[in-house]
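Below is a short briefing on one structural model, arranged by topic so that each part can be checked against the coordinates.

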Amino acid sequence: MRVSIRKIANKQDEQVLIECVEETAEIKEIEAYIRSKGTEISGIGTERIMKQFHLTDVYYFEALDEKVFAYTLEDVYEIKMRLYEVEEMYAKYHFVRCSKSVVMNLMLLDSISPALNGRFFAHMKNGEKLMISRQYAQQIKQIVMGGNLG
Amino acid sequence: MNQKSKLSEIIVSFCISTTCIILLQGIMGMLFFPDELLPYDAFFTAPVFGALSELFGLVTWSKRELSVKEVIVRRLIHLLLIEGMVFGLNYLAGNIFTPMVSVILAVGVAVVFVTVYFVLWLLDRKSAKLFNQQLKQFQEMEKKKEMW
């Protein structure tokens, strides 16, 4: 496989283009690797324009009607990834699943408070309130508190 | 929620409900049956009621995440099952109550029910408070790591 790097002027126009005859498992692996490397993501904003934004600005990802959206302070972006991919790729950037349809950024979590049935509310730093399901609450506590579980 | 934490929640709930049932039995006995003496086996009624209440708590469990409305409905069913169990077992044991005692007992059972959930909520609040303290430290630490 030939590999070439072409220098360009604008940071915003940076991209990795894979030209292949068929999307084999190997190609998909390369794609997953490239996607996992960058902390900049591109998505379609509310103005229906493709934009790039920083992963660290994302409060949470939500899956709605087979689509995945990234929520930042300014905008909501539709991204071309599955929620499980988001969960796997961005776990090292402190993103963690908090319910069946939401992966939240632990670095932008302000606090939690108890809700009904062993669930918790996640109060994000932008003022939004998310639900932490029973099944994911323990995992989140484990990440943050380590061996100091309450 | 893993099996271990599910089990520990059931045990905590059982202990709280048994304590509350003993208190309810003591208060009801002192108020309405002050001259009655209880045999030793009466000590087992509270844990039995507590264990059965936990068993009926199965109606509140679900594999999928329940909505707030569903949780409330299932808890009401749970309470009705407990009320039925308390009156049913008393009836089988030959304890027939006056309407006033029945109403007070029913309210007492509901108070115990609410108290158990309230105490569980307080425990969750305590664990949330500890989590929030650790969260700030976690965020600071991770920020430092990123800077290095």
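This is a predicted model: local features need pLDDT of at least 70, side-chain atom pairs count only at pLDDT 80 or more; totals for chains, interfaces and linings use all residues.

**Strand pairing, core and chain contact**

In chain A, β3(A) and strand β7 (residues 102-105) run antiparallel and are joined by three bridges. Within this pairing, Phe61(A) has Val103(A) in β7(A) as its bridge partner.

**Hairpins of chain A**

- Strand β3 (residues 60-64) of chain A also pairs with strand β4 (residues 67-71) of chain A, in the antiparallel sense and over five bridges, and in this pairing Tyr60(A) stands opposite Tyr71(A) in β4(A).
- β3(A) and β4(A) make up a hairpin that has two residues between the strands, and Asp65(A) in its turn has a positive phi of about 45 degrees.
- Strand β1 (residues 40-44) and strand β2 (residues 50-54) of chain A run antiparallel and are joined by five bridges, with Gly43(A) standing opposite Lys51(A) in β2(A).
- The hairpin formed by β1(A) and β2(A) has five residues between its strands, and Arg48(A) in the turn has a positive phi of about 60 degrees.

**An open sheet in chain A**

- Three strands of chain A, in the order β8-β9-β10, form an open sheet in which the pairing is antiparallel.
- Because β8 and β10 (129-132) of chain A stand at the edges and each has a single partner strand, one side of each is left without a neighbour in the sheet.
- On average, and with direction ignored, neighbouring strands of this sheet are turned by 30 degrees against each other.
- Five bridges in the antiparallel sense connect β8(A) with strand β9 (residues 120-124) of chain A, and Ser113(A) is found opposite Phe121(A) in β9(A).

**Nonpolar cores**

- The largest nonpolar core holds 31 residues, and those with the most contacts inside it are Tyr60(A), Phe61(A), Cys98(A), Val103(A), Met104(A) and Ile132(A).
- α3(A) gives the most to this core, with four residues.
- Which residues does Cys98(A) touch, not counting residues up to four places away in sequence? They are Met104(A), Ala122(A), Leu130(A), Ile132(A), Ser133(A), Tyr136(A) and Ile140(A).

**Contact between chains A and B**

- The contact is made up of 23 residues from chain A and 22 residues from chain B.
- On the side of chain A that touches chain B, β8 (109-114) and α3 (134-145) of chain A each supply at least two residues, and α3(A) gives the most, with seven residues.
- Sorted by class, this side of chain A has nine nonpolar, eleven polar and three charged residues.

**A helix pair in chain B**

- Helix α2 (residues 45-56) and helix α3 (residues 68-92) of chain B pack at an angle of about 145 degrees, and their axes are 9 Å apart; the crossing in which α2(B) passes α3(B) is right-handed.
- From α2(B), the residues Phe49(B), Leu52(B), Ser53(B) and Phe56(B) meet His78(B), Leu81(B), Ile82(B), Met85(B) and Val86(B) in α3(B).
- By class, the contact of α2(B) with α3(B) comprises seven nonpolar and two polar residues, with no charged residues.

Definitions and conventions: Residues are numbered from 1 along each chain as its sequence is written. Chains are lettered from A and ligands numbered from 1 in the order in which they are written. Two residues are in contact if their C-beta atoms, placed from the backbone, lie within 7 Å. Ala, Val, Leu, Ile, Met, Phe, Trp, Tyr, Cys and Pro count as nonpolar, Asp, Glu, Lys and Arg as charged, and the others, Gly among them, as polar. Two strands pair if DSSP finds at least two bridges between them. Axes are lines fitted to C-alpha atoms, for helices over the stretch in contact, and angles run from 0 to 180 degrees between N-to-C directions. A nonpolar core is a set of buried Ala, Val, Leu, Ile, Met, Phe, Trp, Tyr and Cys residues joined through C-beta atoms within 7 Å. A residue is buried if 20 or more other C-beta atoms lie within 10 Å of its own, exposed if 12 or fewer, and partly exposed in between; C-beta atoms are placed from the backbone. A crossing is left-handed if the near helix is turned anticlockwise from the far one by less than a right angle, and right-handed if clockwise.
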